[in-house]
Amino acid sequence: MLPLHPRLRALEALRLPDPADKVAATRALAAGVAAGPVQDEAWCRKVRAAGDDADVPGRPARPVRVPAKEVPARSPFTDEGRAALIHSICHIEFNAINLALDALWRFDGMPAGYYRDWLRVADEEALHFTLIHGHLQRMGWRYGDFPGHDGLWSMCEKTKDDATARMALVPRTLEARGLDATPLIQAKLRRVDTPDAREAIGILDVILRDEVGHVAVGNRWYRWLCERQGLDPLAHYRVLYRRHEAPRLRPPFNLEARSRAGFTDDELRALSG
């Protein structure tokens, strides 16, 4: 039997509901591709077929998913509040694994570099989930113990038939908010200054470093797609933002991190305006 195409293995991982299984399958896929590099033409082969969306994404029964406005406020100045805050990051990282696997599997016809980029992102998101979930467990809690919202995946659903919209509105809009939010969370944890808060700050340093690269992947392929279609990236972004009802971007913005992630001066000025 021929080995399964790596993008179909990504789909298999995407469908797995158990977080530990999803992490293991994602990291094994990345390690396997690194050990036996996939030829460019193999990456670019059409793999998506009718019915492949069944059971996508695989998610555990918990956490209970609620509208974003119904997620309880999380004060880092109590043990449970801090655990809920860490859980929210854990939930984001679990969803981010699914987002990266979906971007890797779903869109046929992209260059080989696109698929390699998203496999690397999926692998790093799996590492982030492992780090932050391990920390949550050391605090005495587990993923699923607090509710979570579905904002990240709902935008995946909205953009499932348009790679340009996906790149515009998931990595470089929703995930880019992590670049803005992480330093603010770290500042709150520094005020708490407990051993678990200090450990969380260190993990968030790793996540923030890698997320700059993940947002850069979104920027790179969004611009590539716009160029291929003869679209102005800034003007088309506004069209997509309205069409898919993306959440309003609110300051403060981490302009330095966004610049490192590949946002242009014009885009940064548009945020500030």
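Before the cavities, the terms. The search runs on a 1 Å grid over the protein atoms alone; a cavity is a set of points where a 1.4 Å probe fits but cannot get out, while a pocket is an open set with protein on both sides within 12 Å along at least five of seven lines, and lining residues have an atom within 4 Å of a point. Grid points are joined across faces, edges and corners, and a volume is the space filled by probe spheres set on the points.

Next, the ground rules. This is a predicted model, in which local features need pLDDT of at least 70 and side-chain atom pairs count only at pLDDT 80 or more, while totals for chains, interfaces and linings use all residues. Residues are numbered from 1 along each chain as its sequence is written, and side-chain values use heavy atoms, with hydrogens and water left out.

How many cavities of 30 Å³ or more does a search of the whole structure find? One. The volume of the largest cavity is about 30 Å³. Its lining is made of Arg 59, Pro 60, Pro 63, Arg 65, His 91, Phe 94, Asn 95 and Tyr 143. For residue classes, Ala, Val, Leu, Ile, Met, Phe, Trp, Tyr, Cys and Pro count as nonpolar, Asp, Glu, Lys and Arg as charged, and the others, Gly among them, as polar. By that scheme the cavity lining has four nonpolar, two polar and two charged residues.

The largest pocket holds about 1,600 Å³ of space. It is lined by 48 residues, and those closest to its centre are Ile 92, His 149, Leu 174, Arg 177 and Ala 181. Element names follow DSSP runs, numbered from the N terminus: helices are H or I with at least four residues, strands are E with at least two. Helices H4 (79–106), H6 (151–158), H7 (163–192) and H8 (195–229) each supply at least two residues of this lining. Which element gives the most to the lining of the largest pocket? That is H7, with 12 residues. The lining as a whole splits into 24 nonpolar, 11 polar and 13 charged residues.

The second largest pocket has a volume of about 470 Å³. Among the 20 residues that line it, Tyr 237, Tyr 241, Leu 249, Ala 270 and Leu 271 are the closest to its centre. Two or more residues of the lining come from each of H7, helix H9 (233–243) and helix H11 (265–272). H9 gives the most, with six residues.

On to the backbone. Arg 62 and Pro 63 are joined by a cis peptide bond with omega of about 15 degrees. Pro 63, which also lines the cavity, is in the loop between helix H3 (40–43) and H4. A cis peptide bond also runs from Pro 251 to Pro 252, with omega near 5 degrees. Pro 252 sits in the loop between H9 and helix H10 (255–260).

One is Asp 193, at about 60 degrees, in the loop between H7 and H8. For accessibility, buried means under 20% relative accessible area, exposed over 50%, and partly exposed in between, with a 1.4 Å probe and protein chains only. Asp 193 counts as partly exposed because its relative accessibility is 43%. Glu 245 has a phi of about 50 degrees and lies in the loop between H9 and H10. Its relative accessible area is 62%, so Glu 245 is exposed.

Now the helix pair. Two packed helices are described by the angle between their axes and the distance between the axes. Axes here are lines fitted to C-alpha atoms, for helices over the stretch in contact, and angles run from 0 to 180 degrees between N-to-C directions. The axes of helix H1 (residues 6–15) and H4 come within 8 Å and cross at roughly 145 degrees.

Last, Phe 253, in the loop between H9 and H10. Is Phe 253 buried or exposed? Phe 253 counts as buried, because its relative accessibility is 17%. Leaving out residues up to four places away in sequence, Phe 253 touches Arg 177, Asp 180, Arg 258 and Leu 271, where contact means heavy atoms within 4.5 Å. Of these, Arg 177 is among the residues closest to the centre of the largest pocket, and Leu 271 is among those closest to the centre of the second largest pocket.
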